[in-house]
Amino acid sequence: MYKVFVNDIPIILSTEKEIGEKYTSFPLKTVRFKRVVKRILKGELMYVNLYHPDETKLLKYLFKKMRVVTAAGGMVINRQKEILFIYRNNRWDLPKGKIEKNEDVKTCAIREVEEETGVQGLEITRFITRTYHVFRRKGKLRLKETYWYEMYTEYEGELVPELNEGIKKAKWKNMEKSQKALKKSYANIKMLFPEKYLAGKSEDWVA
């Protein structure tokens, strides 16, 4: 199963035709995906399930429906077990950006985090997951696939938000402050955090 976010509303991709009474289901192979997205944006749809019996083909058919932009980013953790957030478009977010031509995903993730925050000395510790969301670029709908990595750094220098990318702040946040920030973040960003961290029960999972 996958989730594709339209704003903070998830479109479910699954192998099951029926996943609950609230959901309107469409066959992924033939659905007019952009029309579904526009109906969600208008408030006409809230719970959507796009299904195909073969799980290995869910992303294959999704990627045929809309132009895909591939990006990468990081959840950066320091020695104090603080997490590096950025503030853009009135939301707290994690740094990420589009992959450049002939650039590999991990290189992109480190480059974008460095450019957007000014942090240095990054080391990738593990791959977290991929997220999917729909956005508009020059008035056209696009599907963004983002590869997320957990990173570690001992950098203690000044953070410099990339102002020309609309980033107003770059801040280290402990667990308590991270929880507050996530209340003013995006649903796909919250997916990167374990439930116990969101609930304030443990930060032992961080590096």
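I began with confidence, since this is a predicted model. The mean pLDDT of the protein is 93, and 95% of its residues reach 70 or more.

Next I went through the elements and found six helices and eleven strands. Which helix has the lowest mean pLDDT among the elements? I found that it is H6, residues 195-198, at 73. Helix H3, residues 105-117, has the highest, at 98.

Then I looked up the overall dimensions. Along the principal axes, the C-alpha atoms fill a box of roughly 50 × 40 × 30 Å. I also checked the radius of gyration, which is 18 Å; this agrees with a compact globule, because one with 207 residues would have a value near 17 Å.

Last, I turned to surface charge. I noted a positive patch formed by Arg-32, Lys-34, Arg-35, Lys-38, Lys-42, Arg-67, Lys-98, Arg-136, Arg-137, Lys-138 and Lys-140. Which elements each supply at least two residues of this patch? My entry reads helix H1 (33-41) and strand E9 (123-137). H1 gives the most, with three residues. I also placed Arg-136, a member of the patch, in strand E9.

Notes: Residues are numbered from 1 along each chain as its sequence is written. This is a predicted model: local features need pLDDT of at least 70, side-chain atom pairs count only at pLDDT 80 or more; totals for chains, interfaces and linings use all residues. Side-chain values use heavy atoms; hydrogens and water are left out. Patches are made of residues with over 30% relative accessible area and no salt bridge: like charges are joined within 9 Å, nonpolar side chains (Val, Leu, Ile, Met, Phe, Trp, Tyr) within 5 Å. Accessible areas come from the Shrake-Rupley method with a 1.4 Å probe; for residues, only the protein chains shown count as cover. A salt bridge is a side-chain nitrogen of Lys or Arg within 4 Å of a carboxyl oxygen of Asp or Glu. Lys and Arg count as positive and Asp and Glu as negative; His and the chain ends are not counted. The place of a charge is taken as NZ of Lys, CZ of Arg, CG of Asp or CD of Glu. Helices (H or I, at least four residues) and strands (E, at least two) are DSSP runs, numbered from the N terminus. pLDDT is the predictor's confidence in each residue, from 0 to 100. The radius of gyration is taken over C-alpha atoms; the globule rule is 2.2 Å times the number of residues to the power 0.38.
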